[in-house]
Amino acid sequence: YKSALPANVAVKPWDKFTKSQVASAADIVKKYVDQNHKLPSQVKINGVQVGMPSFLLILTATIYNIENGIDEAGYNNFCNPAKNPQDTQIDGKIPKAVYFDIAGRVQRYMERNWVAPNYSSYSNLGTYFGYHNMIYSFSKVMDYYKQNNNLPNYVSVKPWLHVILPQLANIPSNLIPYTEPS
């Protein structure tokens, strides 16, 4: 048995994205959700297709950098999707200090595990701030940044079920279980 190392190895640099590129991608994701009532499977950032789990990491890292005055590019790292997302948010506003804390916790979790969390339990609007709702909400934060060059003082959030099925928004929450097929 004889083996040898290859003479050459191709190395591809990590894809880096500026705040502006991330904000533009966030605008695309926000508009897609608003129009289609679901997340896209991926978004193109500076010509690179990025899946939603990886985009969540990019969003949270970019928000962290902006809030801390770090003018550094964000990197694209592959992350696996959340396995069992849950969302129990109510209509309301998450203040900047809270969404910034959530973004930091999500970023650290993802950088340790390379998988998106099912939810964050640190929202002021309910026990579970679900994976899909975090991507949408952080996209709204970065879309605001794109328009105003600063982070918003709060982000408006509603239950993810009301985002994907807007017709349920006018049904009292205690009646929603009765709208599901049995």
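1. Axes here are lines fitted to C-alpha atoms, for helices over the stretch in contact, and angles run from 0 to 180 degrees between N-to-C directions. On that basis, the axes of helix H1 (residues 19-36) and helix H4 (residues 131-148) come within 7 Å and cross at roughly 125 degrees. Helices (H or I, at least four residues) and strands (E, at least two) are DSSP runs, numbered from the N terminus.

2. A note on the basis. This is a predicted model: local features need pLDDT of at least 70, side-chain atom pairs count only at pLDDT 80 or more, and totals for chains, interfaces and linings use all residues. Residues are numbered from 1 along each chain as its sequence is written, and side-chain values use heavy atoms, with hydrogens and water left out.

3. Overall layout. The protein has 5 helices and 8 strands. Along the sequence their pattern is β-α-β-β-α-β-β-α-β-β-α-β-α. Of its 182 residues, 41% count as buried; buried means under 20% relative accessible area, exposed over 50%, partly exposed in between (1.4 Å probe, protein chains only). Contact means heavy atoms within 4.5 Å. Among contacts with a separation of 6 or more, 71% link residues 24 or more positions apart.

4. H1 against H4. The two helices are oblique to each other. Angles under 35 degrees count as roughly parallel, over 145 as roughly antiparallel, 65 to 115 as roughly perpendicular and the rest as oblique. The crossing is left-handed, that is, the near helix is turned anticlockwise from the far one by less than a right angle; clockwise would be right-handed. From H1, the contact residues include Val22, Ala26 and Val29; from H4, they include Ile135, Met142 and Tyr145. By class, this contact has 9 nonpolar, 2 polar and 7 charged residues. Ala, Val, Leu, Ile, Met, Phe, Trp, Tyr, Cys and Pro count as nonpolar, Asp, Glu, Lys and Arg as charged, and the others, Gly among them, as polar.

5. H2 against H3. These axes come within 9 Å and cross at roughly 130 degrees. H2 and H3 are likewise oblique to each other, and their crossing is left-handed. Leu56, Leu57 and Ile63 are among the H2 residues that meet H3, whose side includes Phe100, Val106 and Met110. The contact has 11 nonpolar, 2 polar and 3 charged residues.

6. The core. A nonpolar core is a set of buried Ala, Val, Leu, Ile, Met, Phe, Trp, Tyr and Cys residues joined through side-chain atoms within 4.5 Å. The largest has 44 residues, of which Phe55, Leu56, Ile135, Phe138 and Met142 touch the most other members. Elements giving two or more residues to this core include H1, H2 (52-67), H3 (96-113), H4 and H5 (160-164), as well as strand S8 (154-157). Leaving out residues up to four places away in sequence, Met142 touches Lys19, Val22, Ala23, Ala26, Leu59, Thr62, Ile63 and Ile66.

7. Asn133. This residue lies in helix H4. Asn133 is buried, with a relative accessible area of 1%. Beyond four places in sequence, Asn133 touches Asp87, Gln89, Val157, Lys158, Pro159 and Trp160.

8. Tyr109. This residue sits in helix H3. Tyr109 is partly exposed, with a relative accessible area of 31%. Its contacts beyond four places in sequence are Trp114, Val115, Ala116 and Pro117. The C-alpha atoms of Tyr109 and Leu57 are separated by 9.4 Å, with the two residues 52 apart along the chain.
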